[in-house]
Amino acid sequence: MVHAPPRPAPGLPPIRINLYSDTQTKPTQAMRAAMMEAEVGDEQAGLDPTVNALCDRMAALLGKQAAIFLPSGTMCNEVAILTHCRPGDAVLAHATAHILTAEGGAPAALAGVQILGLEGAGGQFDAATLRAALQPPSRYSPPQTLLSVEQTANLGGGTVWPVATLHEVAEIAHGHGAATHMDGARLMNAAVAVGISAGEMAAGYDSVWLDFTKGLGAPLGAVLCGSAAFIDAAWRWKQRLGGSMRQAGISAAGCLYALDHNVERLAEDHDNARTLARALAQIEGLVVESPETNLVYFDTEATGHTAESLAVKMRAEGVLISTMGRTRVRLCTHLDVNTADIEEAVAILRRVLTA
Ligand SMILES: Cc1ncc(COP(=O)(O)O)c(C=O)c1O
């Protein structure tokens, strides 16, 4: 995956429309006010009342016994892998999974595990693929101790795993003696898109986390949930990795604000994504994937542009887009992008591509 972060670019116009990622949202004044008023304490010692409130709320929301506040989604994935696995173990995940493609090799570097990448359309695999990948325990093969799924599947196109498949693969993994983990970076997008609660989606998963820095619009933080014993063990890894914090309630208050104000509105981002995809499909040469949530992917091969050359031209017009391969582009809708921005971005894209 090519996923170069946007760099400060002297001489270029300011960014007017940011479709690069939902991670680029800025906290609103109201969210900042909530953060400013947060009651705080020493998070590392379990004494921050706002962090504790967030963790209690998330555990209830995702149907687990306990939760732990972490700085980022990447740290949630890594703490979960470290907690579930031992060095030499194998994790089963989709070949495009964030843990495999975008975490700097951390599962190998930190946990000493290898990831077996499973194939399947849309960033998902089915029960048959999982069954075929499972090996009977033997002294020769690595212990397959963890199954990991991504809801939504980012590189899969922001697709939503059907709940039945989620539950089926979790059951197969458990039958094999493996634990189950859900990367819920955009779990609320999935829940809002199909009208099924996040808790129901995560049922059958031993650990699950939600990111607050994507469509939910908070500046910092993710919450990992699981059994009380799992979260106890996760705390040691948080401490070892330097992820324990102090007056983190300031951040947790932004997350609580996001839960109260920014979940239902994700439907607007999904509407905008559909509008965007429909308009892009009218541009000659673009092959557009049909969005299920807030991520819109398209291929530029037939236009003669690479993703990178298009991104450079769009940046010169004040529009930030994301490259996800030689000719694969991702546009992301979020709370700092409105319908007028979408229309303008499409007009600019059409002009750039036909120039
Ligand atoms: C599917 C998925 N998992 C994990 C992450 C990592 O989250 P964070 O940026 O909070 O570390 C991302 C971020 O884009 C993601 O898309």
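## How to read the model

Residues are numbered from 1 along each chain as its sequence is written, and side-chain values use heavy atoms, with hydrogens and water left out. Since this is a predicted model, local features need pLDDT of at least 70 and side-chain atom pairs count only at pLDDT 80 or more, while totals for chains, interfaces and linings use all residues.

## Around the ligand

Let's start with the ligand. It is surrounded by 15 residues, and the closest are G73, T74, D183, D211 and K214. Here a residue is near a molecule or strand if one of its heavy atoms lies within 4 Å of it. By type, this shell holds two nonpolar, seven polar and six charged residues. In this grouping, Ala, Val, Leu, Ile, Met, Phe, Trp, Tyr, Cys and Pro are nonpolar, Asp, Glu, Lys and Arg are charged, and the others, Gly among them, are polar.

Which parts of the chain supply at least two residues each of the shell? Helix 3 (73-84) and strand 7 (207-211) do, and the largest share, three residues, comes from helix 3. Helices (H or I, at least four residues) and strands (E, at least two) are DSSP runs, numbered from the N terminus.

A polar side-chain atom of D183 lies 2.6 Å from a ligand nitrogen atom. On its own the ligand has 390 Å² of accessible area, and the protein covers 86% of that (Shrake-Rupley method with a 1.4 Å probe; for residues, only the protein chains shown count as cover).

## T83 in helix 3

Helix 3 also contains T83. A polar atom of the T83 side chain lies 2.6 Å from the backbone oxygen of V79. Leaving aside residues up to four places away in sequence, T83 touches F230, A233, A234 and W237, where contact means heavy atoms within 4.5 Å.

Seven strands make an open sheet in the order 2-8-7-6-5-3-4, with mixed pairing; two strands pair if DSSP finds at least two bridges between them. Strand 2 (66-70) and strand 4 (114-118) are at the edges with a single partner strand each, so one side of each has no neighbour in the sheet. Strand 3 (residues 90-94) runs parallel to strand 4, joined by five bridges, and L92 stands opposite L116 in strand 4.

Another open sheet has four strands in the order 9-10-13-12, with antiparallel pairing. Strand 12 and strand 13 (residues 328-332) are joined by two bridges, and S322 has R330 in strand 13 as its bridge partner.

## A cis peptide bond

Most peptide bonds are trans. The bond from Q151 to T152, however, is cis, with omega near 0 degrees. Where is T152? T152 sits in the loop between strand 5 (144-150) and helix 7 (163-175).

Methods
Polar contact = N/O pair within 3.5 Å; in protein donor to acceptor, adjacent residues only side chain to side chain.
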